[in-house]
Amino acid sequence: MENTLEQIVKDISKKKKNVSDLLEGLIREAFHENASDIHMEHQEDKTMLLRYRIDGILHDIFSIEKEVAEDLVFMIKVKAKLRTDVHFSPQDGKIGFAIVKGGEETTIKIDARVSIVPITHGQKVVVRLLAQQSRALTLEELGFSKKDIEKLQKGYRRPYGLILSTGPTGSGKTTTLYSMLSILNSREVNITTVEDPVEFSIDGVNHIQINPKADLTFVNGLRAILRQDPNIIMVGEIRDNDTAVITSNAALTGHLVLSTLHANDAISTIPRLLNLGIEPFLLATIVNVIMSQRLCRRLCQHCKKEYTLGKDLVQSEMLNARPDISKYLKKTDKIYKSVGCDKCRKRGYKGRIGIYEILEITPNVREALSHNMTTDEVFEIAKKEGFKLMIEDGIEKIKQGNIDISELMKVISIKE
């Protein structure tokens, strides 16, 4: 990868290629590496560092000289229809690319979302790659257990109500909702989404891209959707009171609504919704299921190494700092750790898998919500009915050889 791109840079300096070849080369290589973003950062010495985010981790590619960097940023601004004379204000745009899938005749269309912000030593450019023809993964491929899938099925098979996917930015919330939309998608129903951005297109689903300049916001988009007799609606994110109210009203009036929300876990989503202005009785009525999730790097299945926990001093010492995790493991447990091979480019990880917790709104939980019980009381009721914490799902995936201890420690914060 590095040699190919570095050769393009050398050819640019010799006038054999131009900077658009470098931009297309970066996009092409990033796509084949399954990178989600390309980061371009001006350094103090005026060079620009190029990095790919792969499986949630940034990897340095190489640096380019000042002249090439300036030409590259200029080219990106031109292609994204941004102002080339603006250097001290943020700008956003997008560029379309067509990438030939390796060794195949298939051409993949890529939407590259561009964000440029001024920094101390110049400008920082982030290009987010969204493949228009990306395949929606199945719930099994995303890492949901059989029991969790059964809970989700109960939620999305109801003709109305609200399904929420929660977690921090980049935790795969929208991907999970797309998976459900693919299951629900049929010619008998009208499915419409309102998103920012539209991450990829599903045949048979009507996707609406938010456009504040045209006054097309989540709220206005939702109001327009409701006038078109939808069966299923996906709202990219519940961000404020107005969006929360109109989303809850849609779920109350005979529509199945899927949406995302920023919350730390499934239980803490309840006070988050209350703070957004949804009354307890309404919350109890409309919500079908709440899921919370994180993404972990998946161990490379070709080189992962099995070991006995009690015999590995490094892993044991690591666990001493996390009693919340160690209490679920025994010294005799046989689990896995990363190694690194040619298949995973010596990283020890390849791809990602989710860890989840699913709060099913059963009659008992619904009653607790309607009586405005505390989150601790709701948790105790849910726990008696089989509610499993995200950390417990992570422990299962450790024992299955999907992730290692360090990944779980990274994505699960210590609870006081």
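Predicted model: local features only at pLDDT ≥ 70, side-chain atom pairs only at ≥ 80, totals over all residues.
**Aromatic pairs and a run of antiparallel strands**

Tyrosine 356 has a relative accessibility of 1% and therefore counts as buried, the cut-off being under 20%. The partners come from distant parts of the chain, 212 residues apart: phenylalanine 144 belongs to the loop between α4 (139-142) and α5 (146-156), whereas tyrosine 356 belongs to strand β15 (residues 349-360). Phenylalanine 144, at 5% relative accessibility, is likewise classed as buried.

The count of aromatic pairs comes to two. The other joins phenylalanine 379 to phenylalanine 387 in an edge-to-face arrangement, with 6.0 Å between the centres and 90° between the planes. Here phenylalanine 387 is buried, with a relative accessible area of 4%, while phenylalanine 379 is partly exposed, at 21%.

Two tyrosine rings also have a lysine over the face: lysine 304 lies over tyrosine 336, at 4.5 Å from the ring centre, and lysine 337 lies over tyrosine 307, at 5.2 Å from the ring centre.

Turning to the strands, β5 (residues 107-119) pairs in the antiparallel sense with β4 (residues 91-100) over 10 bridges, and within this pairing glycine 93 has valine 114 of β5 as its bridge partner. Strand β5 also pairs with β6 (residues 122-131), again in the antiparallel sense and over 10 bridges; aspartate 111 stands opposite leucine 130 in β6, and a hairpin of two residues connects β5 to β6.

Conventions
Residues numbered from 1 in each chain as written. Heavy atoms only, no water. Pairing = 2+ DSSP bridges. Helix = DSSP H or I, 4+ residues; strand = E, 2+ residues; numbered from the N terminus. Phe/Tyr/Trp six-rings, centres within 6.5 Å; stacked < 30°, edge-to-face > 60°. Buried < 20%, exposed > 50% of the residue type's maximum accessible area, 1.4 Å probe, protein only. Lys NZ or Arg CZ within 6 Å of the ring centre and 35° of its normal.
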